[in-house]
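Here is a quick tour of one protein model, with an eye on strand pairing, charged pairs and helix packing. Have the sequence and the 3D view open while you read.

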Amino acid sequence: MDNLKELILTDQLYPTLAGWAINLVIAVAIYIVGRWVAKAIAKALRGMLKAHEMDATLVNFLGSLIYAILLSTVILASLDTIGVPITSLLAVVGAAGLAVGLALKDSLGNFAAGVMLVMFRPFSKGDWVEVAGTAGRVDEVKIFSTTLTTSDHRQVIIPNRLVADATITNYAARKRRRVDMVFGVGYDDDLKTARTVLTDICQRHPAILDDPATKIFVLELGASSVNFAVRPWVKSEDYWTVWGDVHEQAKVELEAAGLSIPYPQQDVHLQSSQNIQKNAD
């Protein structure tokens with residue numbers, strides 16, 4: 001009787017173990033081959049995007065995203081091969097994902113904003129931007145945060161959620177920029193001479209473009225000066241060079257031409273109390 005039971009168990013156990021071992025080998029093979037295929041597809045995608053001269057941040061992000069999706073599919077196929085109930089597993093993962101999502105809603109918000117920034121690219125690496133109250137050069141756009149380097153070489157890390165919700169000023173988005181400057185001369189000065197001096201300064205500067213043409217005109221009659229608007233066009237990278245040079249040259253050459261750069265001033269007329277009384281009468 002005992003020998004009969006052992007025979008029955010042996011006849012049932014060996015086929016079961018053999019079948020499970022075969023399925024395990026197949027699952028491992030699916031995982032190994034599938035992971036290799038996923039890496040190959042992600043690498044090919046990166047190469048194709050780079051060939052089209054797409055932004056490096058976007059290339060890396062899309063490559064990593066495609067690889068993660070393909071690898072997840074491979075893992076599910078492997079688990080299904082060894083008999084793991086995929087439907088139940090997905091339900092458990094979904095419930096756990098919901099709980100984690102509620103606990104990490106701010107992080108997920110940063111992730112979603114990072115995806116939007118990478119996809120729509122309001123700025124690229126190396127651009128000078130002003131965002132969320134900070135101005136600096138873009139070092140890196142990560143999934144959860146954006147890193148800027150300010151003009152005084154501070155590193156500022158801003159959560160992507162704040163970046164996406166803020167107004168973004170990208171100073172490098174256009175190849176040319178207009179430099180808006182204002183110079184004041186005295187009311188007793190000759191305005192034609194002032195215009196000629198300012199025009200000559202802009203025409204001589206090598207970084208100021210000829211097209212579009214520089215605009216120079218009387219902007220306003222100020223409280224203590226006649227103010228000229230000087231608006232040359234430059235390449236974006238030459239903006240601050242032109243700003244500093246023109247201000248310095250304008251100070252020197254306006255004074256050399258006998259023109260004044262008046263300080264803000266206010267005339268105060270004093271009267272004695274007797275005169276005030278006479279005027280009142």
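Leu221 has Val226, in strand 9, as its bridge partner. Keep in mind that this is a predicted model. Strand 8 covers residues 215-221 and strand 9 covers residues 226-231, and the two pair in the antiparallel sense over 6 bridges. Together, strand 8 and strand 9 make a hairpin, with 4 residues between them. As a general point, side chains in a regular strand alternate between the two faces of the sheet.

Now for the charges. Side chains of opposite charge can pair when their charged atoms come close. How many salt bridges does a search of the whole structure find? The count is 5. Here are some of them:

| Salt bridge | N to O distance |
|---|---|
| Asp152 and Arg154 | 3.0 Å |
| Asp180 and Arg178 | 2.7 Å |
| Arg204 and Glu253 | 2.4 Å |

Are the residues in these pairs buried or exposed, or something in between? Take Asp152 and Arg154: Asp152 is partly exposed at a relative accessible area of 48%, and Arg154 is partly exposed at 47%. These values count as partly exposed because that class runs between the 20% cut-off for buried and the 50% cut-off for exposed. Moving on to the next pair, Asp180 is partly exposed at 35% relative accessibility, and Arg178 is partly exposed at 36%.

Elsewhere, salt bridges with shared partners join Arg178, Asp180 and Arg231 into one network.

Back to the two helices. The axes of helix 6 and helix 7 come within 10 Å and cross at roughly 140°. That angle makes helix 6 oblique to helix 7, and the crossing of helix 6 past helix 7 is right-handed.

Which residues meet where these helices touch? On the helix 6 side they are Ala194, Val197, Leu198, Ile201 and Arg204, and on the helix 7 side Val246, Gln249, Ala250, Glu253 and Leu254. Both partners of the salt bridge between Arg204 and Glu253 turn up in those contact lists.

Terms used. Residues numbered from 1 in each chain as written. Predicted model: local features only at pLDDT ≥ 70, side-chain atom pairs only at ≥ 80, totals over all residues. Heavy atoms only, no water. Pairing = 2+ DSSP bridges. Salt bridge = Lys/Arg side-chain N within 4 Å of Asp/Glu carboxyl O. Buried < 20%, exposed > 50% of the residue type's maximum accessible area, 1.4 Å probe, protein only. Axes fitted to C-alpha atoms, helices over the stretch in contact; angles between N-to-C directions. Parallel < 35°, antiparallel > 145°, perpendicular 65-115°, else oblique. Left-handed = near helix turned anticlockwise from the far one by under 90°. Contact = heavy atoms within 4.5 Å.
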